[in-house]
Amino acid sequence: MNKGRVDQIIEKHHGEASSLIQVLLEIQSEHHWLPKEALDRISEKLQVPLTRILYIATFYKAFSLVPKGRHEVHVCVGTACHVRGAPRILDTVQDLTGIKPGETDADLKFSLETVNCLGCCALGPVLEVNGKTYGNMGPSKTAEVLKNYE
Amino acid sequence: MSEIILQIDGKEVKAKEGMTVLEAAQSAGISIPTLCHHEKLEPYGGCRLCIVEVEVRGWTQLVVSCVYLAAKNLIVRTRSEKVDRIRKMILELLLAHAPDAFELQDLAKEYGADKDRFEKESSFCIHCGLCVRYCAEVKKKNAVGFVDRGTRKEISFIPGIASKECWNCKECFPLCPTEALQAAFVLTKALISSPPSSELVSVGIGKD
C-alpha cells in the first residue's frame, strides 16, 4: 500500500484523531492488513501515539498486523452449525487450503478463521467467504465454493 | 475552592472540591493500599485494591476510592470485614500472575491472602498501567503501551521509540510492582540489538 493512498484516506477523514478507527478500517479493508509504514504515517498525521494505535489494532479482531490472504474464509463453529456438521466443513477447508484457523497460505490466497456465530443458524453449517454467506454446506459443496476463488 | 467535610473511619476530614476519597484520606494520614495509584498521574482505577465502603444517605456501597470524588457528609470506612475480604480476593488473583512481587507479598501478609489459592498463570504483569501512563502523561514519549486484550493483554515497548528514548530514561522501572516491565524491556532490547527488518519488528509486537 503506497503512502499516497494512506494520505488520501486520512484526508477523507480531515485528519482528525477521532477518526482513527475509521481510517484503520478502511486501510484494513483495502489492503487486508495494516503494514507498519501505514501505522507510522497515521500516527504522524493524526497526532496519535503509536502505542495507542497498536493497542486498538491488537484489541479488535477486525484488524491484522500480519499479511492476510486475498480471500477471507470464515467457518462458523457456533452451536447450531457445530451440531449440523461444522467440524467436517472446517476439516475440508483445512485439507483444501492446507492452513489452520488463524493462518494464511504462502501465496496469500486464503486466510482461514473460525467464528462463533454468523447469526443465520437456520442455514447451518455456514461458510463465509469475503463476506458472502454460503449455507447448508457439506464437504463436496465446500470444495465447489472454494474453487470459485482465485 | 469550597471545602467539604466528610468522615473517614470516624474521623472528620476536610477536603477540597474535586478531590478523590483516596486523596482526602491520604491528606488526613489515613492509609489506603494502592497499586495503580501515582500522584503525578491521572486516576486510573485499575487495580481496585483501594476499594472502600461509603455511606450516602443511609445507603452503603463499595466504591474505588482513587476515582470516587469526595462529597459532603460522606461516611467512609476504609477497613471493614467486607472490604478486607474483597482486598484479600483481589490480592490472591493478582498473586496468581505475579507470585514473587514483593509489594504484593507484603500486602498479602496484611490481608491474609494465600498466594497459592489460584492456579499460577505467571504473566508477571498485573495491568496497573503505571509504566504505560507514566510514559504517556509525564514523559510524553509513548514508548511503552498495552497490546491485545482480555487474558492476553500485555505491555510492549515500541522498538523504534524505545531505541531512541529508553536507554537514558528508565524512570518507569522503579514504578513497576512486579518484574513484568523489566522482562518486556529485555525482550525489546534483544529485538533491537539483532537488527531485524522493520517488518519483522512490526510483526513482533504483541504477536506471539
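Two strands are taken to pair if DSSP finds at least two bridges between them, and strands (E, at least two residues) as well as helices (H or I, at least four residues) are DSSP runs numbered from the N terminus. With that in hand, let me start with chain A, where four strands form an open sheet of mixed pairing in the order β2-β1-β3-β4. The edges are held by β2 (110-115) and β4 (132-134) of chain A, each with a single partner strand, so one side of each has no neighbour in the sheet.

Before going further, a word on provenance: this is a predicted model, in which local features need pLDDT of at least 70 and side-chain atom pairs count only at pLDDT 80 or more, while totals for chains, interfaces and linings use all residues. Residues are numbered from 1 along each chain as its sequence is written, chains are lettered from A and ligands numbered from 1 in the order in which they are written, and side-chain values use heavy atoms, with hydrogens and water left out.

Back in chain A, strand β3 (residues 127-129) pairs with β4(A) in the antiparallel sense over three bridges, and A:Val129 has A:Lys132 of β4(A) as its bridge partner. Helix α7 (residues 139-147) of chain A packs on this sheet, touching β1, β2, β3 and β4 of chain A, where contact means heavy atoms within 4.5 Å. The direction of α7(A) makes about 5° with that of β3(A), the axes being lines fitted to C-alpha atoms, for helices over the stretch in contact, with angles from 0 to 180 degrees between N-to-C directions.

Turning to chain B, we find an open sheet of five strands, again with mixed pairing, in the order β2-β1-β5-β3-β4. Six bridges join β3 (residues 51-56) of chain B to β4(B) in antiparallel fashion, and B:Glu55 stands opposite B:Thr60 in β4(B). Helix α2 (residues 81-97) of chain B lies across β3, β4 and β5 (75-77) of chain B, running at about 150° to β3(B).

How much area do chain A and chain B bury between them? The figure is about 1400 Å², 68% of it on carbon and sulfur atoms, buried area being the accessible area (1.4 Å probe) that two parts lose on being put together, summed over both. A:Lys36, A:Thr51 and A:Thr58 supply 36% of what chain A buries against chain B, more than any other three residues. The contact takes 13 residues from chain A and 16 residues from chain B.
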